[in-house]
Every structure is written in structure tokens, then in C-alpha cells.
Amino acid sequence: MSNTAALHAFTTQVRRDILRMVHRVNSGHPGGSLGCAEFFVVMYQVMLERKSPFEMNGIGEDLFFLSNGHISPVYYSVLARSGYFPVEELNTFRHIDSRLQGHPTTHEGLPGIRIASGSLGQGLSVAVGAALAKKLNGDKQLVYSLHGDGELQEGQNWEALMYAAGNKVDNIIATIDYNGQQIDGSTDDVLPMGDMKAKLEAFGWDVVEIEKGNDIESIITGLSKAKSMTGKEKPIAVLLHTVMGNGVDFMMHTHDWHGKAPNDDQLAVGLNQNEATLGDY
Amino acid sequence: MKEYINTGSKDTRSGFGAGLEEMGNNNNKVVALCADLTGSLKMDEFKAQHPDRFFQIGIAEANMIGIAAGLTIGGYIPFTGTFANFSTGRVYDQIRQSVAYSGKNVKICASHAGITLGEDGATHQILEDLGLMKMLPGMTVINTCDYNQTKAATLAIAEFEGPVYLRFGRPKVPNFTPENQIFEIGKAIQLTEGKDVTIVATGHLVWEALEACKSLESEGISAEVINIHTIKPLDSEAILKSVSKTGCLVSAEEHNYLGGLGESISRILVSNQPVPQEFVATNDTFGESGTPAQLMEKYGLNSTSIVTKAKKTISRK
């Protein structure tokens, strides 16, 4: 298999994991998780220069922060299948006494997680702080983060955007999951956010657009370009155009599956569309 | 009673500034963040001497808390500085999720706490912050009484692993604790010995408690004054030991009685050794403009008020 084929296979398995995880507990957020499956696979299998075993301080390695914590299923699946914890543990998602809480947390000591997220709008500030620590430490590795587009309605993001540009925090790549959907409907219906690229640029960020945000090659190309732009006194934003629910036809192009689990029949359909490649947990 | 001498009134925030400056030279992991109140927080010296480890965030407290949480990832010990109101109520969810729940080693340092902020009035005064912070799981909550103790606490919390809320104030108040007293987090300091009533005070009310103790002594009432600088974890052993002797207690704080030190003490008393307790605290109210002395008088946060409440709690034994 080519590397791309392997990444495709990895992604298909991640989609299965997401569907099975939320189905088992009849709760969780499959839509955004599926929309970002390719991104997470590229992030953990291609982009991030990671060290093992996991250490909270992350000195000498790239860091990733998930700000829109509700897409925890894709995060957990990719972390487990990237070796941070046993894949079997995905079975405990959202169960009592589990390290895989509904939203990611450091509180239960799950390797791979460096900050709790779920209450929206906080992750960019944290990522900026971690990037500043890297600069103080003379650590040349990068800080990556992911944010929902609807999440940008939280004002704290704009405080962080202003700070990072004003202080030349140029070792950070913040990706926006630009799917145009949020719980109550499309972002245009809930609160139109205007020209996001222009807004980010006006705040002093360089912006890379990835038009095909569910295409592995495009994501690799776009993130590599973003990486090449770091270290030039400007923070980098990536607008990742994704389709919510990608890879499961009835979940695509709608906000209906933002926070809803499939029933038994729907699960079967979804799994049929995504064959097991690495083996189910 | 043991005499305490005011060696010269100073503001507690200057104790914080002095502690931060000293640490800046001794611990290169200490970093400081400020939201456009560097002068008010007395962070100027740290900023001047360690510009690389000082972060001017601008008027964006939520971002400041998040950046501080991020700086811990990489091994730093961030001290954030702004007024108590903007350090707590304004950023409660940021502290809750990114600091407390995430278990980050952030030191939230808050000046201008309570009503003694004075003339700016209720928008800037906060009388709810101790309650907000003590409710957060894993948060250590400290309210210091004078310059020396604030400096000592600032040094001590850098050595302590975990989130801390350190509360201090704006006005010049008597400086009376020993200059080099080691600050032990969670360890109450008994200031006077007495047998008739226990007075447990925190922050600016500690000196007032000592004044009240003198006044009570002149009337033949022997008061035991305890300086509680750590609201959480609370030194229940010291409190219970004292009331087992005196049989009654007055709590004194520059804070709403709802959610304050007094309520934490009540819980310990009713669970272990119920005795009468009276509260010197604000009564579910906002503050207002005025001089610190006028406000402490109007809201019953001074030695006169402590004397009155001491007699009342004794009468209820």
C-alpha cells in the first residue's frame, strides 16, 4: 500500500471507531468527529513530531491542542491508534470510571491530552501559552491547535488572535474546522461570521485555505505549506473546509448529527460504508 | 496579651511585588502575566529585570488565564496579576476548565480585593471571590494580612505544585508579622492566647482582630486571635483546639458572609464541636464608593464590630 492508501485505511477505521463509540453510549458528537477524521489522521500520522512515552511538558516535540473538545471521539480514536493508550479502552468512552470522558480532560490522566476542553473558546489561549513556553525554552518544535468555526463566536478567541499577532507568536498553526455548521443550524443562520479569512488576516494572521479538507493529500499539502510559513513573525491559521459527517452519507451536509448517536440500523449502514481496516477495538 | 508592633504601614500588594521580584532572581521558571495593571499590581520590578519572562496581555483577562495554563506546559510557573474582581468572577470558567480541572500550576494573584479598594466602588470591589475560588476542586485559597505575610506567601506558592488563588489588597495597612516568618500553606498562626473567645480572622481583618483583642482585654475578656491566611485547605485542627478551650468563636473577613471564611469554619464546627459563632463580614451586599476606613466602618468590618460580636458570641455560650 502507498502511504496515502495506508492513511485512507487508517481513516476508515477511525470512522468505524467514532460510529461504534457514540452508538454504544447513545451519546456524543459524530458529525464534527467524522468531518475531522482525515485531519486528525494526517496530524498524528504525518505532521506531528512526537515523542514517546507521553510527557505533559512536551519539551522537544510538537504539541496539539483540541479546543472544540466535543469531537472527542475522533481524538480518542486517533490517539489510541497512534499508540497513546490501548485501543480496547475506546470501549469505555463516556462510561463511568473511564479516562475517556465525554470531553477530553487531563483529570483522569489519559496520555495524549494536555488540557481539558469542552467549554468553548479557551484552547487558542492555551496553545498560545504553550507556544510562548516553547520560545522561552528555545524549543523549535511547533504548536498546533484545532477549533470549530462556530466556536469562533466566543470572544476569547479574538483576544488570543490579537495577542498572538501582536507578539509575533510565529510557532503556532491554528486550524479552523470550517464546516459551516453548529448545533442550532448553519453558522450563517445562527450568527453570520462574515469573511473569516479577511477577519483572520485583519487580526494579523497569515491564512492557508485547504479547500478539500477531507482529502488527505490536500491536508498534507496545506499543513506542510502552513509549517513552511512558521518562524516569520506571524501566527498561521488554516481554514480547513470540511464536510460534517464525512464518510457516512446520511450524516453529511447537515448539522443534525452534531450531537446525536446513530441507532442500530443507522450504525449498520454507516459501518457498511466503512470497512474494518485495522481491526475493530 | 502578646503585643504586636506595626513596623510601618504598607500595602499588601507591595509585598506581592517584592516577593515576585525576589523570586524572579532565584527561580527562572517563574513567569508573570498582567492584564494592563502592572503598576497597580507592583509588578514593575519583575518586568524591568526579566522582560523575557513578563507577559503584558492587555485588557483580556480570559486570554491571560488561558495563556498562563499553556505556559505550565513547558514547565513554567505563571503568576497572573490583576484586580480580584477581574481575576475571579470575570474569568471563572477559564479558571475552572483550563486551570483547576486541568490541574495546571497557575498562581492567580489578585490585588484590590474586598471593599478597601475604596473610591472606585462596587464594579471594582469584589466580596464574593473567596467563595468562588474555594468552591473549585483542587484550588488552594490564600488571603494574607500584611506586607510581610504577602511577600512570604508569594515565595511559598511558587514552591507548591498546584493552582493557587492569592488574595491581597490596595490600602496601606499595619505591617506586623515577623519579616522572615516562613509561610506554611494551610497552617494557622495563633497570635494571642485567650480563654473566653476565639477570633479567627483573615486578610485586613487580622490587625483589627488584634485591636479588638486589646479592647476586650481592657474589659477583662480574654480573646484568642488566630490568623487564618489559608482559607482552603482550612486548618480545622487549630480552630477546634481553640474552641475546645474558649467555647465560642467570631470569624472576621473582608468578604460576603455567604461563601466566605466564616461559612467554612461553621461547617467544621457543626461537624465536630458545635459552639456559638458570630460573623464579621458583609451581609449579602455590594460595596460602594468611599475611603477604605469609611467603608470598613459602614459595613462593620473593624475592631469595634469584632468586639461587639465577641461579646454576643460569649453571651450565647
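Modeller: A crossing of two helices is left-handed if the near helix is turned anticlockwise from the far one by less than a right angle, and right-handed if clockwise. This is a predicted model, where local features need pLDDT of at least 70, side-chain atom pairs count only at pLDDT 80 or more, and totals for chains, interfaces and linings use all residues. Residues are numbered from 1 along each chain as its sequence is written, with chains lettered from A and ligands numbered from 1 in the order in which they are written.

Colleague: Which handedness does the crossing of H5(A) and H4(B) have?

Modeller: Helices are DSSP runs of H or I with at least four residues, numbered from the N terminus. Here H5 (residues 123–136) of chain A packs against H4(B) with axes 6 Å apart. Their crossing is right-handed.

Colleague: Why do H5(A) and H4(B) count as oblique?

Modeller: Angles under 35 degrees count as roughly parallel, over 145 as roughly antiparallel, 65 to 115 as roughly perpendicular and the rest as oblique. Axes are lines fitted to C-alpha atoms, for helices over the stretch in contact, and angles run from 0 to 180 degrees between N-to-C directions. H5(A) and H4(B) are therefore oblique, with an angle of about 45°.

Colleague: How many residues of chain B are in contact with chain A?

Modeller: Two residues are in contact if their C-beta atoms, placed from the backbone, lie within 7 Å. On that basis, 28 residues of chain A meet chain B, and the number from chain B is 24.

Colleague: Which helix gives the most to the side of chain B that touches chain A?

Modeller: Helices H4 (61–72) and H6 (92–101) of chain B each supply at least two residues there. With eight residues, the one giving the most is H4(B).
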